[in-house]
Amino acid sequence: MVPFLFAGETFFATGDGALFWPAQQALLVADLHLEKASWYARLGQFLPPYDSHATLSALAAEVERTGARSLYCLGDSFHDAFGCERLSGDARALLTGLTGRLDWTWIVGNHDPGFADHCGGSLADEVELGGIVLRHEAVRDDPRPEISGHFHPKLRVNLKGRHVSRRCFVVSPSKMILPAFGALTGGLDAHHPEILGSVGSNAAALVPVSDRLLRFPLAA
């Protein structure tokens with residue numbers, strides 16, 4: 001994990017797209033999109049049905065690595081409002097094991113409105129924690145420090161003739177957008193106007209690589 005400062009607090013970014021907040025003993029993730037494959041299967045597009053188990057296994061590993069006591073999912077945790085009901089037995093056991101031992105909060109996103117939780121934890125539209133607002137989608141005019149998800153930012157660059165795409169954290173002085181943590185999620189280029197318009201000026205893409213945090217300025 002690689003530390004950096006945001007809104008006067010120290011955070012640790014992971015290569016999988018999780019954010020650990022030591023002062024709150026909290027792990028933050030966004031856009032798990034659990035049961036995305038089964039949602040597509042209902043439409044006749046069959047994908048390997050292992051995305052939820054892979055995502056939850058990776059999340060469990062981050063919990064163990066950080067020692068987090070609380071966990072905040074910043075929206076679009078399920079690909080639709082009924083995703084929780086379609087979890088396989090193994091995936092459900094993984095999830096309920098986590099929600100049963102952590103202080104777990106589901107922040108509702110645009111993909112899972114009306115989400116009725118049957119997997120443990122509590123629901124919230126947004127949370128203010130340590131003076132920082134946690135929500136699904138950035139609110140441009142809110143002056144408070146804010147951490148959100150929704151856009152699935154990825155940094156795309158060309159290095160020595162090779163196209164490279166990596167999950168990234170987009171950070172400005174008062175806004176931070178987390179990458180999607182889900183195993184079956186795409187990504188929006190960090191330079192996209194929707195992302196830059198949401199975080200404001202002086203933004204950068206942060207890419208954790210081994211024991212380093214690469215910073216790429218993003219021009220508005």
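This is a predicted model: local features need pLDDT of at least 70, side-chain atom pairs count only at pLDDT 80 or more; totals for chains, interfaces and linings use all residues.
Residues are classed here as buried under 20% relative accessible area, as exposed over 50%, and as partly exposed in between. By this criterion A7 is partly exposed, because its relative accessible area is 35%.

A7 occupies the loop that links strand 1 (2-6) to strand 2 (9-13). Its phi is near 55°, a positive value in a residue other than glycine. Most residues other than glycine have a negative phi. The two flanking strands form a hairpin with two residues between them, and A7 is the residue that takes the positive phi there. Strand 1 and strand 2 are antiparallel and are paired over five bridges; within this pairing, P3 stands opposite F12 of strand 2. In a regular strand the side chains alternate between the two faces of the sheet. In strand 1, V2, F4 and F6 make up the covered face, whereas P3 and L5 make up the uncovered one.

Strands of a sheet pair through backbone hydrogen bonds, either parallel or antiparallel. Within this sheet, strand 5 (residues 70-74) and strand 6 (residues 103-107) run parallel and are joined by five bridges, with Y72 opposite T105 of strand 6.

D31 counts as buried because its relative accessibility is 1%, whereas A7 is partly exposed at 35%.

T99 forms part of helix 3 (residues 89-101). T99 is buried, since its relative accessible area is 10%. The side chain of T99 reaches the backbone oxygen of C119 at a distance of 2.7 Å. With neighbours within four places in sequence left aside, the contacts of T99 are W104, W106, C119, G120 and G121. C119 is therefore both a contact of T99 and the residue whose backbone oxygen is reached by the T99 side chain.

Strand 16 (residues 203-209) is largely enclosed by the rest of the structure, because six of its seven residues are buried. Strand 16 is joined to strand 13 (residues 169-171) by three bridges, the two strands running antiparallel; in this pairing, A204 of strand 16 is the bridge partner of V171. Seven bridges join strand 16 to strand 17 (residues 212-218), again in the antiparallel sense. A204 also takes part in this second pairing, with P217 as its bridge partner in strand 17. Strand 16 and strand 17 form a hairpin with two residues between them, in the turn of which S210 has a positive phi of about 55°. In the hairpin of strand 1 and strand 2, which likewise has two residues between the strands, the positive phi near 55° belongs to A7.

Notes: Residues are numbered from 1 along each chain as its sequence is written. Side-chain values use heavy atoms; hydrogens and water are left out. Helices (H or I, at least four residues) and strands (E, at least two) are DSSP runs, numbered from the N terminus. Buried means under 20% relative accessible area, exposed over 50%, partly exposed in between (1.4 Å probe, protein chains only). A polar contact is a pair of N or O atoms within 3.5 Å; within protein, one must be able to donate a hydrogen and the other to accept it, and residues adjacent in sequence count only if both atoms are side-chain atoms. Contact means heavy atoms within 4.5 Å. Two strands pair if DSSP finds at least two bridges between them.
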